[in-house]
Structures are given as structure tokens and as C-alpha cells.
Number of protein chains: 2
Amino acid sequence: MDAMPLILGAGALGILYALFLAWYVLRQPKGSGKIVEIHQYIKEGAKAYLKHQYAVILTIATLIMIILLPINVLMGISYIIGALSSVIAGYVGMWIAVNANVRTTYAAKEKGVGKALRIAVNGGMVLGLMVVGVGTLLIAVQLILYGATTEAVKSIIGYSFGASTVALFARVGGGIYTKAADVGADLVGKVEEGIPEDDPRNPGVIADNVGDNVGDVAGMGADLFESFVGSIISTMVIAATAIYVYVKSGWINWAILPLTVAAAGIFSSIITSFFIRVKEGGDPSKPLTLSTIISGTLIAIFTYPLATSLLGADAGLRAFIVVVLGLIAGIIVGLTSDYFTNPSKRPVRKVAFMSQSGAALTILTGLAYGFASVLIPAIGIAIAELVAYLMLAPYGFWFGIYGVALAAVGMLSLAGIVVSADAYGPITDNAAGIAEQAGLGEDVRAITDKLDAAGNTMKSVSKGFAIGSAALTALAYIAAYSSTILDVTGLSLEKVKELMSFLNATVISGSLIGMALPAIFTTVVILAVSDAAFVLIEEIRRQFKEKPGILEFKEKPDYGRAVAIVTSYAIKRLITPGLLAIISPLLIGFFLGPYGLAGALVAATITGLMLGLFQGNVGNTWDNAKKYVEEGHYGGKGSETHKAAVIGDTVGDPLKDASGPSINILIKLMSVVSVIFVQILVHYNLLTLLSIH
Amino acid sequence: MDAMPLILGAGALGILYALFLAWYVLRQPKGSGKIVEIHQYIKEGAKAYLKHQYAVILTIATLIMIILLPINVLMGISYIIGALSSVIAGYVGMWIAVNANVRTTYAAKEKGVGKALRIAVNGGMVLGLMVVGVGTLLIAVQLILYGATTEAVKSIIGYSFGASTVALFARVGGGIYTKAADVGADLVGKVEEGIPEDDPRNPGVIADNVGDNVGDVAGMGADLFESFVGSIISTMVIAATAIYVYVKSGWINWAILPLTVAAAGIFSSIITSFFIRVKEGGDPSKPLTLSTIISGTLIAIFTYPLATSLLGADAGLRAFIVVVLGLIAGIIVGLTSDYFTNPSKRPVRKVAFMSQSGAALTILTGLAYGFASVLIPAIGIAIAELVAYLMLAPYGFWFGIYGVALAAVGMLSLAGIVVSADAYGPITDNAAGIAEQAGLGEDVRAITDKLDAAGNTMKSVSKGFAIGSAALTALAYIAAYSSTILDVTGLSLEKVKELMSFLNATVISGSLIGMALPAIFTTVVILAVSDAAFVLIEEIRRQFKEKPGILEFKEKPDYGRAVAIVTSYAIKRLITPGLLAIISPLLIGFFLGPYGLAGALVAATITGLMLGLFQGNVGNTWDNAKKYVEEGHYGGKGSETHKAAVIGDTVGDPLKDASGPSINILIKLMSVVSVIFVQILVHYNLLTLLSIH
């Protein structure tokens, strides 16, 4: 427990530095007139949506807490703290994002690209540092308050569950909101009326800008918050259950190691933030890409002394290598996404080229590359997983499994910098939108567009990172699930392995059903987006028809109504998929027993990784192919090729920003629910009740 | 061995009845003039392609045989017999199909719908009965010639491998051919020049018609031939390895049972064929759908006495129930595909409705339903698998596993009737094409169109059946793989289960890589189709440009060149995916050992089932949504809605007819290769060489 001050300090520092950056952003001038007016609309819309969304989420979370309390009081308390932590981190992050956008626009107008970049970057870092700071600090605080016992650690898993619950609803709701608004506003505005994107005449334009914030800021933040705390806590659970059996009193060092890696991540993120600068006229995408490399290197450097002092020279060195493996796997997943979505690489260019023969080949070629983008990350994660196991397995089987979970922690130690870079995207996107709507000059828009473009590269990298880390976190949860079974049943390792063999009919049965869950989840989210978009389309058409003056700038569109409609629809449609994710593992566990459920978890994780990578990458490939055509290739804007590319982009939008990212949480949430309820499922399931097995 | 005369008799009867039906078809008049000329083109094109394709396949097969002979002489011999069996069944089936098309057209012109239906149905049944007749007869003959020993049965697995090899290349090559021709001919003909489908002015029209035969007849026949013999032989292998340990001399009855179920299938198919009749003016789709139900019922009735006489009252009853479970699972998979692709059901109608808002929503809604179509078949197969295990598990663990494989045999006992119904499709499709190209009257085309429409329903049902049965067959192979490991290593069941646990890092590692294989396979096939289509498009454009008289019926297009171009391209592009499928399990097995490979096989099967069902169903949903619009809904032909629906259809074409079906074989071929080489992989793999584990 000697490392606790360091961990608490890192967590507190993360939060304080986030608040300092928030103060920095808020004290920048936001200008006046039109740009502030638009900014105000976005802020109000985002606040209104989040108020609704969090009300629904916290109601559901309270109900779940009430169910958990009788099972384990501490777990119930941890659960609600987890839910609140996620809400607070997400809300603060989004609050600053919607305030940073207009200030970025104003700085671009008054001070140029360097200052504008700084505001946008600092605005994004508030979310990134809140995520890692709050997560690290509160896990450490719980460990201290509950006492550093194995029972206490097992209760802290409730914290992950709380974070998952918020993440799921925030990702799904935010995803439905942002894509319904985007697709709806585009289909009537750009396609039917021929007015440009972000045009103030479009009644859906504010909803679209709001969507970027509630989806890509609050939703994505909750997602990575969940992965971050999930990887840490599942590693701790393995230490408190299976490792404890081997080393007794030494277990606590193994339990604390992931927290120290997280602390290293916080320090590294803060240091890295000083390197993200650009000279006047420079390219802002370079420092952003570089930041991941710098941050990863710093984490590795900090981790080595921490790991060896906790675990001794040999085990510490091995743990250090495992953390580095996780970092490398994360970077491989990110770079692969970059390859498949970068306009200077073959996939995007080929999709743009094929668009010359019409939308069918845009879609087909895109699908082909989307499926191809799965292989390298899968191999990267497979190698990291196997080598992580082999590194620590010499100490005993469960140390190897601990290694797998620790690799996830290593990957997620990048969360601070990845979330920061990702949250930068919506800020600059909004800043460009505000510049457009306020009709600022060409020179200002050139700067905001450049900042926006830099955000796009990071977006696809962080999308790949989010699903890759989710899969590794889910594997860590599954490892914790297995060690919990060992702990609860008292069975031997050999017996548990035997029961978890896919030579068993229940395991295969579970795998078949688990495989279908990410697919059906995708269906539910896509249909929710397209239905919501349809409703918004009708509203926009109605406004254009009833107020013909809107198109001639003579009447003002009713932005508020469009925002309200998308809000209520997104809230309505987020409940079903959310409950599906929580209830399905319980149903599978009841019908097929804990080992059948294990099969389902593995299959859902594996197919979820595939569908998640596929959807995220294919969406960004289409998006960038469209942008590539818009730069003037193959006929440029307005050509038939462009029309085909726009269809690809529209198809990809909900895949990359709604259904794809929701799968990240589905697989994590299913696993954490299983870890918590396995102690009940082991005794109460249909097979046991029927005395089969 | 008392059942052998029955089995040999059934096999021989199947072949003889197929030859009788072939004679019946060939003796029908084919008319004269234009229709015969077109038919001649199709026949020549199909023959030329198959000659090329089989030359490549048999060269590769000979090389593989040479590798197998030193390992096991009988297995090498079985291998080449398996390859030749598949080639012969496929070639005869296709030969009759290309002769039945013109005779169907002529009968529609001279005699009406009843006679035309009979010719088309009988033409299709030639392939169906060849597949089941040749398979059943030759497995039985090998068993007799090799002697009914466990070693002999283990060698017969070579027969499956031979069948898989042909199936893979035939499915991939046929799929690339048919879809490149279809997409290429449509994009220039329908979209650019505005001439109707099957118009004789289109230089690609014959290639399109040829494609239906080499893809949907020869390719699909080889696919189901593989599943059919694969399910039988893997069940026999489990009997000869694991069941043998329990019951010694009694094992042979368990080994023969799947052959008797196959025999029951042959008798049932022949009897069922007498029920497929339609009165003048009647609807030909009803008897086709009904045939599956009749055939399934007959198989169940025949199986009961056979199973009880082989295994005794109790085990026989249980085996009977398992066969029925397989049949029901097959029907559930088929009916689900029907629901998602039937124009009278919600999915097709909603896709058509959404097409009013443009192609993006056509694609998105289609994707959503495609993913949804996975759930019910997955649950159906999961339940069948689990209950099949539980039925026979009271006799011992491996009897339960045998049950899983036997369920696959039950499902595949429908192969005769399913293949027949599926081969009916291209015959009537070609018949309608010939009527169109020859400019026959409205009344004749009304009949051929009606026959064609009936074929479409069956096509989507049999597509679902093909992937569902492939997954169950792959599970049977994986079971045989496990029992072979037991047999080769002499390890205890508990130990093998333990090693195959996904708590092991190699198993998870293998699963991650196995998951990516169906995805990357999809990529390779889609890109091959779109590249081949591109080449054909250029050729068609060139012909239109150099011979402007073609479009005014003044010059004749060069059909032969188009056929030759697609042929050489399809042949060139079938080799890479084919070798990929054969080599990947060997590579995975070498790097991750036999248990890591087992993880890869399970993951590839599960994700293959998902991607296969998804691609097959989404393609047919789009196809039928387009047809629904063409019937006059939402603006009908030529409307903006129709254009959107056509884009959906074009995207779906390669998914449903090339990449999707190829996955069926990928998962089977990977598994059978693994069963054969596991005896080597157990000893020679990187982990063993490095002394890890």
C-alpha cells in the first residue's frame, strides 16, 4: 500500500489539471454577436439532451443499485459511485467542449491557428484528464475506505458495472442522437434543397452540432471511462481471487499494480500536453498524432520502476513487458484504422476511384476494405494476449491470465491522451460549423477547416482504439469471471478449465447465441437511427413548407423544435438496447449455466471485435473517400462520383458513430454483469435445477 | 454390416434415377431457330469455363494427393475419389441444366406451365440425386473395399477433403464468374445504355446466363455435396475413434447409421419428386415449398426403424430424435431466410419503403435486417446442438458429441431435395432469359417468368440451408478433430477438454485469428468480383464503341470474347482464396499448436455462420425489394425509388452469390484439413519445439 499516495496524487492531479484547463478555456474571450448566439443554441440543446438522458440513466441505475444492495452492500455503493463518476466526468467534459467551440472560432478570427489549436486541445484534454483522474482517484479511495482486503476488491467491481451502465446508455443514446440529426439534416438540407452543410437556414443544423457533443464527447468519454476502470478493476479482481490463492499476503501488490500504471498514464498525458503546439501556418495534425507516441513512451519509462518496486526485479520486468505489449497492441490497432481510413492510402483512394462507376461499387469496395481491416488488429491483439500470458505464466497459470488483463491496462493507460485527442474533434467540428453559420470570412474558415481535418484523423484512430481496448477489457473481465467461479465454487483449476472447454455442448450452444448478440444489437441501433432520422426529416420539411421565408433568410427556422424531437426520440430508443445488454447474459446464464454463459461471452467479444472494427473503419473509409472526392478528385463536388461517395458516407455514418461504438460497451457490459451475477448463476440455473451435469 | 445392401441400393438407385431423369430431359424437343442458337452459346460457354476450372482444380487436387499418399495411402486414394466424385456430380448436373433450359422455354411455348415445370424440376433433380447418390454409394463402396475397420474409416476422411477442395474452388470461381458477369452486364447494359435485362444486344448477356449455371448449379452442388459427405464421414470418424473406446465391436453400427439416414434421404427425395406437379394456371411455388416438408417427414418415418434395428430400442429412439432435431433446425434456418427475403413480409417491404429516401437508406435498412436474420438460426442451431448432445450423452460423453454430428447428418439428409429445388432456379432463370432474347410472345414469357419467380423463393431458402448445414458440418468436423486428438495422443478425455478450454491463452489467441478469416475471405472474393466486373465493363463498352450497329440490332456482339474474359479472370482469382483456406489452418496449427487451432476453427465456424447468413439474406432482401418496387410499388420501374433499390440489389449480388456462399466451404475445408493434419500438428508445432506447455 506504499504506492497509494502516488496513485491518489496522480488521480487528484489529473482532476486539478483538468479544472485548470477548464478555467483556461472559460477565461478566453468568446467574442460577440452571431457566433455567440449559435454557440448558445448548441449549449442549450446539449444541456437539455444530457439532462433528459442522465435522468433516465440514473433512474435505471438506482433500480439496479437497489437490486445489488441486498447481494453486497459495498458493491451496491460502488455501483452508484461508478455511475455518478461517469456522469460527472462526461458532463464536465461536454460542458467545456460546448464552451470551447466558440472560443476556438473567435481565436481563429482574432489570433490565428496557434491560439485556436491551444483552446481546442485544452478543451479536449479536460474530458481526457477527467476520465483518467476521476477513475484512478475513486478506485483508490474505495480501496482505502473499504480496507485493502480481497472481499473489498471483489466489491469494487460494482464500480465498473456502474460505469458500464452509464456508458451503454450514453453511447447508444448519443449515437442515435448524433446520427439521426446528421443524416436527417443532410438528407433534406444538402440533398433535397441543395444548401451547404452547417447552413443556418437548415432547421436541423443546431441538432447536428449538438449531436457531435453528446455523441462524440459525452458518449465516447463514458465508453473509454468504462474500459479504463474495467481493465484496472478486472485485473484487481484476478489478483484478489486467483493470485491470492498462490501468494496470500503478496496479492495486494499485484492488485495495486494496474493503479500505478494508470497513475503513470496520468503523468504522461499531462507532460505530453505541453508538446501539442503548432506554429502559425503549421499543420495541426502532426502534433496530435505524435502525442500518442510520446505518451506511450513516457508510460513505459514510468512503469518500469513502479512495477519492479512492487513485484521485485523479475516479476516486475515481466509485468513491464506486458504493459508495453498492451501499448504496442493499442498503437497497432490505431495505425491499422489509420491505414484503412487515411485519404493518402490505397483503401480510401480505391473507394473514391470505384465511385466513378456508381454507388453500388462505392458500397461494395468499402465493405470489402471494412472486412479486411479486421485481420491485423485481430492478429495484434492475439499476439499481445498470448505473449502477455507466457510472460507471467512461469509464476503459475493465473499469473498468466493476470498478464492478459494487465495488457488491457497497458493499452488503456493511453486513454487520457486518446480521449483528449478525440474530444478535440467535436470542438473543432463545431468551431468550423459556427464559422460557417455566422458567415465569417474565407481566411477564418480556412483555419477552422484545417483544425477540423486534423481532428478527423484522430477520430478514426481513437475509434479503432476504443473497440480494440474494449475487446481486451472484455477478455480481462472474462478472466475475472473465471477466477470468480474458481473462488465461489472452490473447484480445482483443472476442473474449471474442463468445464469451460468448447468440447462441452453448453459452451458451443452459448457461443452460437453470443455470436448473434452484437449482430442483433447493430440492427436495433441502426433501425433506431433511421427511424429517428425519418422523423427529423419530416419536421424539417414541415418547417420549410410552413415558413417558405426560411430559405431566403427572411424567416428564422425553429431550431429548438428539431432539437426537442431528436432528443425525445433518442431517449425513447435507448432503453431497449440497454436493457437487452443487461438482461441477455442473465437469461443465457439461467438457461445454459455459467459455462454456457462463458462461451457466449467469448463469442460475443470476438464477433463484437470484428463487427466493431468493421463498422468503425468502413464508416471512416467512406467518409474520407467522400472528402477526397470533394477535394476535386474524379470530378469533385457535385459530380456523379461525388453523389455516389455521399451515399457511402451516409451509410457509414450510423455504423461508425452509433451501432459500431455501442458494441464496445455491449461486450464489456455483458461481461461485467456476468462477473457480478455468476455467484448466483452457479447455483441457480436451469441445468442445475433439472439436475443435468 | 447388414444394412450395406440397403445403402448401396439407395446410392445406386439415386444415380440411376438421376440418369433416367437426364434421359427424360434430353428426349424432350428443344425446338429450333433463335432459342436453340442462344442455348448453344450458353452451353458452349459453360462447358468452356468448367473445362478450365476443373483443369486447375484437378491439378491442385493431384498435388495434394501426392502429399497425402505418403501419410496414408488409402486416404490419398479416397481424396482423389472425393475430388472426382464432386466433379462428376457437378458436371452431369450442369450438363443437364444447360440442356433443360431451352427445353423448358420450348415446352412453355408449346405445352404450357405444367409440362415446362416438369422439365425444369426433373432437370434440377438430376443434380440433387447425383449429389446424394454418388456420395452415399462411394462412401459405402470404400467402406467395403477398405474393410470395415476403424483405420479404414479414418482414411475415408480423405474423401471429404477431396470433396471440399473441389467445392471451394468451384464455389469461389463460380461465384466470381457469375457475379462479375451479372454486375458487369447490368452496369453497362441496364444503367448506361438503358437496354433491358437479358437483351441480346448486350455482349455480356451470354456470360451472365453461363454464370447462373457455373455458379448456382455446379458451385452450389459441390458445396452441398461437401456438406453431405462431410457430415456423414465426420460422424463415422467419431464412431471409429471415440465410440470405439466405449463399445469396441459395436462401433460399426454407430458408424453405419449416418449412411442409412442418407439412404432414407434418397428414397424420400425420389418419392417426393412425384408430388411436385402443378395444374395448368396453377402456382408453381407451392409444390416446391411443400416438397421440403414432405421429404423431411418421409425421412423421419424411414429413419426410426433403421435406427432402432441398428442401435437397439433405446439408443435407436434417441438417435431418431437427434435426426429429427437436425431436420427441424434445417427447416428453421430455411424459414428464417424466407421471412427476411419474402416480398410479403416486413423486411423486404420496409427496405422498399425506405428506398423512397434514396439508396443510403436502402443499404442501411438492408444491413440492419441482414444482421437481424442471424439470431433465430443461431438459436435454432444452438438448441439442436445442445439437445442432440443431451439425447445421447447418457451413454457417455462421446455419444453426446456423436449426437451433435448426427444432427448435422439429419439436416443434410434433406440435401437431395434442397439441391434439386435450388438447381431448378438457374434452369428457369435461363429459360426466361432465352425467351426474352429470342423475343418470344408475352404469354410464353408470362409462364417462364412465373417459373423463374418460384425458383427465387427456393433460392433464398436453400442459401440459408447451405450455410446452416455448413456450420453444423463444421461442428461435426471439430468434434471429429477432438476425437482424433484423443485417438492420436492417448490423453484422457478430461485432459483433452482441459487443453481445449478457452481459459488457455493459445485457444483465445487462435479464436481471435480464426474470427478474422471469414472476414478477410469476404474481402478477397468481393474485390475479385468487382475487379472482374470492371474488366468486363470495359470490354462491353469497347464493343459498343467499335461496333455502333450492335445497339440497332445491325451488328452482332461478340459474346464469346466476353465469356472468355470473365472465364480467365475468374480462374486467375480463385487460386489465392483457395490456397488461403487450405494453408491457414496449417499455419495457425504450427504457430499456436493443435489447441490454438481448435479455437480458431470454432471461432471461424461461428463468425462464418454469422457472416454467411448475413450476406446470403441481405442479398436476397435487396434483390426482392427491387423486384417489389418493379411490381409497381412506390413509383415502380424507372422511378428514383427503383434506382435506389437497384443499387441495393447490385451491392447484394456478390454478397449472396459469391463471398457469402464461399464462407460455407471455408469453414468446412479448414476443419477437414485440420482433422487430417492434426496427427502431425500434435507433434510438430512451434510451442512444442520451443518446449512451451
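This is a short tour of a two-chain model, stop by stop.

Before you click anything: the model is predicted, with local features needing pLDDT of at least 70, side-chain atom pairs counting only at pLDDT 80 or more, and totals for chains, interfaces and linings using all residues. Residues are numbered from 1 along each chain as its sequence is written, and chains are lettered from A and ligands numbered from 1 in the order in which they are written.

**Stop 1: both chains.** Superpose chain A on chain B: a rotation of 180 degrees with 0.0 Å of shift along its axis does it, at RMSD 0.0 Å (least squares on C-alpha atoms of residues with pLDDT of at least 70 in both). The copies are therefore related as by a two-fold rotation axis. They use the same surface, too, as 98% of the contact residues of chain A recur in chain B.

**Stop 2: the interface.** Select the contact residues (C-beta atoms, placed from the backbone, within 7 Å): 64 come from chain A and 63 from chain B. On the chain A side, helix H17 (residues 505–546) gives the largest share, 16 residues. Helices here are DSSP runs of H or I, at least four residues, numbered from the N terminus. Colour that side by class and you get 46 nonpolar, 14 polar and 4 charged residues (nonpolar is Ala, Val, Leu, Ile, Met, Phe, Trp, Tyr, Cys and Pro; charged is Asp, Glu, Lys and Arg; the others, Gly among them, are polar).

**Stop 3: B:Thr365.** Go to helix H11 (residues 359–372) of chain B, where B:Thr365 sits. Is B:Thr365 buried or exposed? B:Thr365 is buried, with 27 other C-beta atoms within 10 Å (20 or more counts as buried, 12 or fewer as exposed, in between as partly exposed). Leaving out residues up to four places away in sequence, B:Thr365 touches A:Ser530, B:Lys350, B:Val351 and B:Met354.

**Stop 4: H4(B) and its partners.** Show helix H4 (residues 113–146) of chain B with helix H6 (residues 205–247) of chain B: they pack at about 35 degrees, axes 10 Å apart (axes are lines fitted to C-alpha atoms over the stretch in contact, and angles run from 0 to 180 degrees between N-to-C directions). Their contact includes B:Gly135 of H4(B) and B:Phe225 of H6(B), and divides into 11 nonpolar, 2 polar and no charged residues.

Conventions. Two residues are in contact if their C-beta atoms, placed from the backbone, lie within 7 Å. Helices (H or I, at least four residues) and strands (E, at least two) are DSSP runs, numbered from the N terminus.
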